[in-house]
Amino acid sequence: MIARELAGWALGLDRVPREAEAAATRHLLDGFGTALGALRTGAADPAIEVARGLGGPPEAALLGSADLLSAPAAALANGTLVHALDFDDTHAGGLVHATAVVLPAAFAVGQQTGAPGREILTAAVAGYETACRVAAAAPHGFHARGLHATMVAGVFSSALVAARLLGLDADRAANALGIAGSQAGGLLAFLGTGASTKQLHPGFASQSGITAARLAAAGATGPETVFDGPHGVFDALSANPADPASILDGLGERWETTRIGIKPYAACQLSHATIGAVLDAMARERFGPGDVAGVHARVHPDSAPVVCDTSRDLTRPASPYAAKFSLPWTVAALIADRGLTLETFEPDSIARPEVTRLAARVRWDVAGGPGVVAADAPGHVTITLTDGREVTGSVPRSEGGGDFPLSRASLLAKFTGNAGVPEPEAREFAHLVETLGEQPDAAAVMRAAARLAQLTQQENG
């Protein structure tokens with residue numbers, strides 16, 4: 001059974017290639033940055049309030065705070081924090097936000113058990129591989145069913161991270177995966193509304209995965225057929241054909257951790273190729289929103305249902321979060337602002353008349369070659385100016401992916417901007433995360449994150 005083999009591999013993992021470890025620390029650093037950004041903007045306040053109320057034994061830190069909560073409660077808040085701005089990383093093959101489910105589980109259970117940094121890092125890599133491989137076994141299948149792949153795959157990742165750090169044996173770890181499967185879900189109904197449920201999904205997944213591992217440790221059982229049997233997760237939750245066996249394909253030889261992309265823009269990753277193409281056009285010709293008669297984009301068939309969904313108003317998004325999932329609005333804001341920042345998607349920004357008018361002039365057609373996943377697809381736009389001239393822009397794929405990674409300088413700049421701290425402090429924290437494998441435990445990293453949060457509060461008066 002796949003669950004048993006996956007569990008056995010994760011528990012027995014002792015040597016991780018340097019490139020996979022380096023990728024994992026890059027993603028953890030990025031995740032801490034997006035979480036600190038959400039913390040300073042209040043984007044995850046409801047989850048933090050509820051997590052504090054859940055309390056429990058003082059096992060793990062609420063990110064950015066010295067407060068200790070139970071590990072499941074801390075993971076609920078921290079998973080929501082990492083994903084709240086939708087600026088966290090994405091694995092192209094599975095379209096899953098991996099760090100949002102790996103970081104909370106690894107650091108919460110790692111603190112609970114007093115695990116050394118080396119063990120936390122190894123467990124995190126096992127979690128990355130699990131989240132990416134489970135989601136990629138049904139490419140866009142969960143989304144096509146109306147479910148968020150991050151929560152569907154994330155419960156398995158968190159369960160296996162927790163199982164390893166709790167010292168479960170293979171039988172109980174496989175049971176943890178089976179139990180986690182009954183907690184997989186996450187509706188995409190938020191897309192057409194102002195609801196914040198998507199922000200909560202990684203928190204739910206992290207909390208549920210830890211709970212599944214604890215239940216297995218206590219003797220509860222779950223179906224070993226959760227991946228490859230009838231009524232398993234793919235049968236029940238994927239609208240597209242799935243290949244469960246691919247979860248194990250090349251396991252320990254091909255590292256999906258190195259193929260996760262870090263977002264350079266705070267919008268849905270499925271718009272990033274188009275964003276890159278528009279930026280390419282803007283580099284060729286200077287124009288503003290008043291100079292544009294129309295924009296035509298080529299959009300991958302898996303991207304269109306999410307960011308070009310005409311069942312909702314794409315020109316007047318219902319919320320900042322909905323704006324991030326509107327390709328027309330995002331393109332219009334990019335042209336108007338000559339860039340995309342967190343401020344682009346603030347509540348006061350999404351109703352700007354000049355952006356709304358331009359968004360109404362954005363058109364698209366669906367185009368994509370077979371065997372190319374949406375996040376790896378090229379981007380192409382044709383922008384028609386009011387004087388009749390046409391400006392084209394194109395990129396071979398979106399920036400930030402495994403084949404087109406952000407430079408360390410760009411990653412550090414993103415972290416610094418999200419955390420809202422001076423560069424020297426950002427560099428010091430980055431070094432701490434990059435050397436996680438040499439740290440005695442998780443506490444030093446979490447204390448440093450709390451200091452950065454405190455520094456941000458002081459800077460903002």
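The model is predicted, so local features need pLDDT of at least 70 and side-chain atom pairs pLDDT 80 or more, while totals for chains, interfaces and linings use all residues. Residues are numbered from 1 along each chain as its sequence is written, and side-chain values use heavy atoms, with hydrogens and water left out.

Reader: In what order do the four strands of the open sheet come?
Author: Strands here are DSSP runs (E, at least two residues; helices are H or I, at least four), numbered from the N terminus. Two strands pair if DSSP finds at least two bridges between them. The pairing in this open sheet is mixed, and the order is E6-E5-E7-E8.

Reader: Why is one side of E6 and of E8 left without a neighbour in the sheet?
Author: Strands of a sheet pair through backbone hydrogen bonds, either parallel or antiparallel. E6 (362-366) and E8 (390-395) stand at the edges, so each has just a single partner strand.

Reader: Which residue in E6 stands opposite His296?
Author: Let's start with the pairing: E5 (residues 292-299) and E6 run in the parallel sense, joined over five bridges. Opposite His296 you'll find Arg363.

Reader: Is Thr356 buried or exposed?
Author: Thr356 sits in helix H16 (residues 353-359). Buried means under 20% relative accessible area, exposed over 50%, and partly exposed in between (1.4 Å probe, protein chains only). With a relative accessible area of 8%, Thr356 counts as buried.

Reader: Which residues does Thr356 contact, leaving aside neighbours within four places in sequence?
Author: Contact means heavy atoms within 4.5 Å. By that rule, Thr356 touches Thr315, Arg316, Ile350 and Ala351.

Reader: How far does H17 reach from its first C-alpha to its last?
Author: H17 (residues 408-419) has twelve residues. The expected span is 1.5 Å times one less than the number of residues. That gives an expected 16 Å, and the reach of H17 is close to it, at 16 Å.

Reader: Which helix gives the most to the lining of the largest pocket?
Author: On a 1 Å grid over the protein atoms alone, a pocket is an open set of points with protein on both sides within 12 Å along at least five of seven lines, and lining residues have an atom within 4 Å of a point. This pocket is lined by 18 residues, with Ala43, Leu85, Pro320, Phe345 and Pro347 nearest its centre. H2 (18-41) and H14 (320-324) each supply at least two lining residues. The top contributor, with three residues, is H14.

Methods. 1 Å grid on protein atoms, 1.4 Å probe; cavity = no way out; pocket = protein on both sides within 12 Å on 5 of 7 lines; lining within 4 Å.
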